[in-house]
Protein chains: 2
Amino acid sequence: MNAPHFSTKERILGAAETLFAQHGFAGASLRQVTAAANVNLAAVNYHFGSKDNLIEEVFRRRLDELNVRRLAALKNALAADEPKLEDVLGAFIRPALELSLDHEGGHAFMRVLARAFAEHDERLRKFLSDNYGHVLREFATAFAGFLPHMDKEELYWRLDFITGALTHSMADFGPMRRRSQVSEESHRERAAAHLIRFAAAGLRTA
Amino acid sequence: MNAPHFSTKERILGAAETLFAQHGFAGASLRQVTAAANVNLAAVNYHFGSKDNLIEEVFRRRLDELNVRRLAALKNALAADEPKLEDVLGAFIRPALELSLDHEGGHAFMRVLARAFAEHDERLRKFLSDNYGHVLREFATAFAGFLPHMDKEELYWRLDFITGALTHSMADFGPMRRRSQVSEESHRERAAAHLIRFAAAGLRTA
DNA sequence: GTCTATATTTGGATAGAC
DNA sequence: GTCTATCCAAATATAGAC
């Protein structure tokens, strides 16, 4: 499953990501994880201490990078001569798209993230809001710059709708199926372009 | 937890809905469910045969009613002299809103539904597409009537975005919190109104 | 750091009395 | 239909050798 040059720790993280995506946090057992990672059962507790800590590490690994990319893209979009709403939306959406494509387990991670939303677990929520919240606030500020007359509450609702639509579509929850003649890349790229247009119109409306 | 005039079967369904929402299908044990329902552990297997069957019944109970309400509202919206896109959107969104408010466990069910999306379980997907698919197709046809020049693929993507936004917001996944001075009803009612405006603008854009 | 072996808990399901 | 008691499989976690 994983190349042998990855460390035990990394192999566990990769296998956990895949299996948590498929079966959920409670549904994927450490036995399945260690078997898929080709490591001993006891290795999880040695490296991570507990299953809960393993779950957090699965998030940290990807979210750190996702947030760096989003903030860099945001900075880039705002540095243009005439910043466009669509580019700020792209800065929010495209890094998620790339994550779902670039890495071996990126696609799995999008599903893990969606499961985290569903968990409503206070510990996870706090963890996500600590890591995710300030990024969302920066984007909210940027969007507010384009929509100076919009009610704050309405803006936050709209960003919430966009997050829901993004998660739902990137995690393949809906009935949209890739047709066999288009590649995975162009399928998702098209989805992102559709979402940016849809969301830009939704944001701009009075 | 539940009034004594409910049958054993109904008490199990209600408790299962709540606990599946909180802990997931794998995370909620039949022991937790039967304890919360104040019935004996053996009652689940007697009435439902297995945990998997219990899960399906939790869906069937709510989805049947949700679909009836959506289709009735759709028919109503299309029967108007000058049907409006917003009313068709409302026919899709408001029954979900009402479900999340009307019943004791309706809100829990929205979270269960979101978990079902995340499961990606083939059995559940088939069950949902059998029960959900034809309703989505009827709505797609109705929307296409308002947007005659829109590409079919683009329309389906947009409906997928709306579904994601609806599920995400009705299941309280995002950071939007109800402020203490507004009631639960008006909080959600406002969310639905926001979503309808947002989605209508997104659907109409070229 | 990694393994085997095992302690301990918890899960789904069922048998059989009432 | 409902209960008690129990079987059996699977889970997390740990102890201790290497």
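**Exercise 1.** Find how many salt bridges link chain B and chain A.

*Solution.* Take a salt bridge as a side-chain nitrogen of Lys or Arg within 4 Å of a carboxyl oxygen of Asp or Glu. The count between chain B and chain A is then eight. One salt bridge joins A:Arg179 to B:Glu153, with 2.8 Å between the closest N and O atoms.

The model is predicted: local features need pLDDT of at least 70, side-chain atom pairs count only at pLDDT 80 or more, and totals for chains, interfaces and linings use all residues. Residues are numbered from 1 along each chain as its sequence is written, chains are lettered from A in the order in which they are written, and side-chain values use heavy atoms, with hydrogens and water left out.

**Exercise 2.** Determine how chain B and chain A are related.

*Solution.* Superpose the copies by least squares on the C-alpha atoms of residues with pLDDT of at least 70 in both. A rotation of 180° with 0.0 Å of shift along its axis places chain B on chain A, at RMSD 0.1 Å. The two copies are therefore related as by a two-fold rotation axis.
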